Amino acid sequence: MSDNSAVKDPFVRVVKRDGMKSGSKIAVRIASVIVALIVCGILINMITGLNPLVVYETMFQGAFGSTRRSFSTIREMMMLACVAIGLAPAFKMKFWNIGAEGQILIGGIVSAACMINLNKLPAIPLLLIMFVLSAVAGALWALLPAIFKAKWNTNETLFTLMMNYVAIQLTSFFVSKWENPKGSNTVGIINSNTQAGWFPEIFGQKYTLNIIMVITLAILMWIYLKYTKHGYEIAVVGDSENTARYAGINVSKVIIRTMLLSGAICGIAGFLAVSGASHTISTSTAGGRGFTAIIVAWLAKFNSFYMLLIALLLAFLGSGATEIASKCKLNDYASDMIIGIILFFILASEFFINYRLVFRKHAKEEA
Amino acid sequence: MKKKIVSMAVAAITALSLTACTNEPAPSPANGEGDAQATATESGDADVAPAEGVTGDASEVKIGVILVGDENEGYTYAHIDGVKKAAEAVGIPADNILWKYSIPEDESCYDAAIDLVDQGCTAVFSNSYGHQSFMQQAAEEEPDVQFVSMTGDTAAMSGLDNFSNAFTNIYEARYISGIVAGMKIAELVDAGELSDENYDADGNVMIGYVGAYPYAEVVSGYTAFYLGVKSVYEKVSMEVIYTNSWFDIAAEGEAANSLMADGCVVIGQHADSTGAPTAVQSAHDAGKPVYSVGYNVDMLGVAPTAALTSATNNWSVYYTEAFKDIVNGEKIPTDWAKGYTEDAVAITTLGESCAAGTQEKVDEAIAAIKDGSLHVFDTDTFTVDGAKVDSALIDMDGDFENDDAEAVSDGYFHESELRAAPSFYLRIDGITELTAE
């Protein structure tokens, strides 16, 4: 007691916790989602008087109530996962790529341009061209902030964020160029007669190709980050640039290479959005996914398969929202609230996995 | 860990017991379609008598409505209100109307439309222009279901039997709201309340208009408004600023401010927010002789002394006709556009600042529109490049070239008669677009 008496012992201290078993980690995470749902349930009940179980049931129906609903939920999930997969290498490198929104739009613009101008080409070459060009466009859009970061150490957060606004303006420009009819500010569905540049139906489903592409990207990204030299370099640069330099890693090169990859995948997400879902382009084509995907990537700790799971959770909540609006007379703010609470609890669970709280009482007892 | 699980279980039990107590007031039919249908049929048979002109069984019909916003947004609120009134009038039980709120203008609209079909709807309506191509896509895939894209313009040229457009003749109401503004201007001039800055170089009183986008729907609207003003007070000129958005409170307020800075006395609008009336009210409070004419909703709430009136749609007229067609198993008309003759358009309650005698003048003009003696786009009342217009071709085949059908005959431009969506695209003398693209 003698040494401690001079400094007032805080009521609660946060202590780093190491070596929680992976089984308990998963249990804590699942528990956090369940607790979040209970808290949401209490809130929903207090505010609206609705039975929360009915609300959850309705959300589930909205997301998976029919084959078509399931597939549109999965399509949303794949879109979100694709962007998150694109962001993962950049964030793992601690390069704050806030510019996915813009990279998606640029990929989308290029895809739409191909659909409008190359609509005479046969389906497979056209889709391949669109895939490659949208990836290149996204990569180039990400290259600019990467070069500035690598050469002059500019702030990439601001730079990539600003690039979003440039991309939005560019999209507006192309929308007014392609608008149909003139002055209406919408492009409308492109090639609705010929379906040129649309993803083909595979196994009788419109979104099969979306699923195949994103799952493939997920697997490749997992291998890339975990088992390749590049992936290792990204991890080292992310932990400490100086260590990386000391180890002889060319940091500038890694930054530029990784951002090219990150931008390319986000560009492909734009291709998915335009060619695989909406068949049109507008300033809302990215729809905030570039930002939501940051949460997905971080929560998943850049693990591809967790990213798919978290994307599924968010897509589920999104699809459920429309249904509770229509069936329970709750508007979509209600589902935003639910998403917010669930994310809050998941983040809290990460905190409790990494740290534990020590209360003053313990200290007294010891004394 | 054990402790945690126990406390969690306690929380869970508390939560469940809470919900158990307050179970019954939930008015939600969410527990599967079966329930909803059962209650719907009951109430349908029991207390709703079939309306006039309804031969089918209204309680059997399911209708889907896709909305770009929800009841918090004026434009969508007007549609919700119209649908509800129409359903009641036709005898369709409230539970048979399936709503999709806040549907963006992208593939979600297609998803929503198809989902409504899966739920058994035989007709699906969407209320925003940007929904149109997704509705058309759904219509192509579901030939047995009728799709209506409100305010759209491609139904006729799509060649689909099950795809329609509808619009009101809102330009008639804009013309009438122009008369209200014109009366005010005449009063201000007589009272000598205007200063030099309110006149342009040619001695015309200046008025302003906040438009959304430079396309026919807006052009038709502001021209009708201008001609309404001119029918009362001849010497006016109008400036138009586009905001490039249907709903942008800040941009609309900014546009109104710059129009007022130019000396405009009355600010009309074809944009959905209260931005412009609010800006006009604060300038009015600061002592400027400025007034506002709104759109969709009564603006007296935000501009009690500056708002004169608003042009507004009464969507229930259309929905009632369309719902009757659906119940009777008939086809909804491909193009529908009606105005004062069916009371599908109106102006809202006149504000306290309106000039004396406005109501009489308004009633007179409405009666003239109804009996066909007054045409809003009478070619004797305007000129283009100094000359009277005796021919204006409009686009009917969707190539966006105005080269297909003659809209001017019998001395007036036949607005919304050849197709539902507005097609008046002429830029007439006296109106300047300040921000045309």
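Ala84(A) touches Ala293(A), Val296(A), Ala297(A), Met307(A) and Ala311(A), leaving aside residues up to four places away in sequence; contact requires C-beta atoms, placed from the backbone, within 7 Å. The model is predicted: local features need pLDDT of at least 70, side-chain atom pairs count only at pLDDT 80 or more, and totals for chains, interfaces and linings use all residues. Residues are numbered from 1 along each chain as its sequence is written, with chains lettered from A and ligands numbered from 1 in the order in which they are written.

Ala84(A) is also among the residues with the most contacts inside the largest nonpolar core, which has 237 residues. Such a core is a set of buried Ala, Val, Leu, Ile, Met, Phe, Trp, Tyr and Cys residues joined through C-beta atoms within 7 Å; buried means that 20 or more other C-beta atoms lie within 10 Å of the residue's own.

In chain A, helices α2 and α12 pack against each other. Helices are DSSP runs of H or I, at least four residues, and strands are runs of E, at least two, numbered from the N terminus. Axes are lines fitted to C-alpha atoms, for helices over the stretch in contact, with angles from 0 to 180 degrees between N-to-C directions.

| Item | Value |
|---|---|
| α2(A) | residues 52-64 |
| α12(A) | residues 304-327 |
| Angle, α2(A) and α12(A) | about 115° |
| Axis separation, α2(A) and α12(A) | 7 Å |

In chain B, six strands form an open, parallel sheet in the order β2-β1-β3-β4-β5-β11, where pairing takes at least two DSSP bridges. The edge strands, β2 (97-100) and β11 (335-338) of chain B, each pair on one side only. The twist averages 20° from one strand to the next. Four bridges join β3 (residues 123-126) to β4 (residues 146-150) of chain B, and Val124(B) stands opposite Phe147(B) in β4(B).

Conventions
A residue is buried if 20 or more other C-beta atoms lie within 10 Å of its own, exposed if 12 or fewer, and partly exposed in between; C-beta atoms are placed from the backbone. Two residues are in contact if their C-beta atoms, placed from the backbone, lie within 7 Å.
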